[in-house]
Amino acid sequence: MSNTSTGASTAAGRKPIRVWVDGCFDMMHFGHANALRQARAMGDYLVVGVHSDAEIEKNKGPCVMKEDERYAAVAACKWVDEIVKDAPYVTALEMLDEYNIDFVVHGDDITTAADGTDCYQIVKDAGRYQECKRTVGISTTELVGRMLLLTRDHHIRGSRSIKSPIQGVDEVTAANFSQGSKPAGALTGIAHYLSTSKKIIQFSSGREPKPGDRVVYVDGAFDLFHTGHIEFFKRARELGDYLLVGVHDDQTVNAVKGGNFPVMNLQERVLGALQCRYVDEVIIGAPFSVTKDVLEDVYHVDAVVHGASDQPLDIDGRDPYDLPKQLGIYREVEHPRLDLTTTAIIERIIANRHVYIERQARKAKKALAEAEAEQREKELKAACHL
């Protein structure tokens, strides 16, 4: 599957550098996108191999998202030129040659197959491997941990208190999970990702609407950014030339939805939206009800689009789209994936929580062993210099 008909343009006479990245891309988050951004910057054309459910189950354990959902999420990333479905878990030279790849890029962490071997040893030995910096503070494992623990530790300070546990998890279970929300817990340590202006700029398109462009505005939490959001953005973008996305802050989302929502904090959700190829610009911390400022202060908004099946009310009971409806610029689009919502993703994890708890424990044990090995290596090097 390709997003572009040809490789990126290059200087006259130079062969385009083709880069390969592969992975599970489960719950495609901004950490994945940042790796793809870095890999794309190393070359001219980025091919991304996505493993099938069967390959991941055999080597790693169950995924939260189904393979078709993961394929669509990767294809929608703005830095991806082409995806390869059902890519082998252990990267093969034959696959790289088939797609005319110059080198493979992976984060600076080790990925192993079911037998414990390095998935990239073959390409490393062939001199076709480069590393990019892993995004600290975010991972699929950490996100699953937040949902298992029903924690709100990741929210930006100022959020209100928990109102109720997620449906399907009783209060005793929630309390037991929550005891592990400390950094030393067996399930996970809760990261506090803080974005910077540099990261926002790296993810931004930097494009302004041209004179005469029709600006479309959509808003929401866009939590656990998924293919339902992607398809909604795509349909909204088709109604204009420029898509402006308002992302609500943590306090607002929690006041409306309760529980431990949002699962991802504001900065994480903003980066998730910005990496999508259909998004041109984001309003960070947009008001829940569409105001005159939203419609006029950033850009002149020509249409406000919302999902036809989702009709939320503000915390004071008002229709948040009252103003655009009065102005005649409100439009609705059918939600393309009624079966896929943030709540549905959480329910998948809760329904199989024992499997995920075991997986989290295995990963925590592995991470601890790797940290201890790294510490021993540092101590050994220090002793050698004495």
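Reader: Where does K210 sit in the chain?
Author: K210 belongs to the loop between helix α8 (197–203) and strand β6, where helices (H or I, at least four residues) and strands (E, at least two) are DSSP runs numbered from the N terminus. This is a predicted model, in which local features need pLDDT of at least 70 and side-chain atom pairs pLDDT 80 or more, while totals for chains, interfaces and linings use all residues. Residues are numbered from 1 along each chain as its sequence is written, and side-chain values use heavy atoms, with hydrogens and water left out.

Reader: OK, and is K210 buried or exposed?
Author: K210 counts as exposed because its relative accessibility is 51%; the cut-offs are over 50% for exposed and under 20% for buried, with partly exposed in between (1.4 Å probe, protein chains only).

Reader: How far is the C-alpha atom of K210 from that of D241?
Author: Those two C-alpha atoms are separated by 8.9 Å, although K210 and D241 lie 31 residues apart along the chain.

Reader: Zooming out, how much of the protein is buried?
Author: Of its 386 residues, 49% count as buried, and the protein has 15 helices and ten strands.

Reader: What about α14, is that helix enclosed or open?
Author: Helix α14 is largely enclosed by the rest of the structure, because seven of its ten residues are buried. Those buried residues are T342, A344, I345, I346, R348, I349 and I350.

Reader: Which elements line the second largest pocket?
Author: Helix α14 (342–351) is one of them, and β6 (215–220), α9 (227–237), α10 (250–257) and β9 (303–307) also supply at least two residues each. The most comes from α10, which gives four residues. On a 1 Å grid over the protein atoms alone, a pocket is an open set of points with protein on both sides within 12 Å along at least five of seven lines, and lining residues have an atom within 4 Å of a point.

Reader: What is its volume, and which residues lie nearest its centre?
Author: The second largest pocket has a volume of about 610 Å³, the volume being the space filled by probe spheres set on the grid points. Its lining has 27 residues, with G220, A221, K257, H306 and D310 nearest the centre.

Reader: Switching topic, what is the strand order in the five-stranded sheet?
Author: The five strands form an open sheet in the order β3-β2-β1-β4-β5, with parallel pairing; two strands pair if DSSP finds at least two bridges between them. At the edges are β3 (82–85) and β5 (129–132), each of which pairs on one side only.

Reader: How many bridges join β4 to β5?
Author: Strand β4 (residues 103–107) is joined to the parallel β5 by four bridges, and V105 stands opposite Q130 in β5.

Note on methods
1 Å grid on protein atoms, 1.4 Å probe; cavity = no way out; pocket = protein on both sides within 12 Å on 5 of 7 lines; lining within 4 Å.
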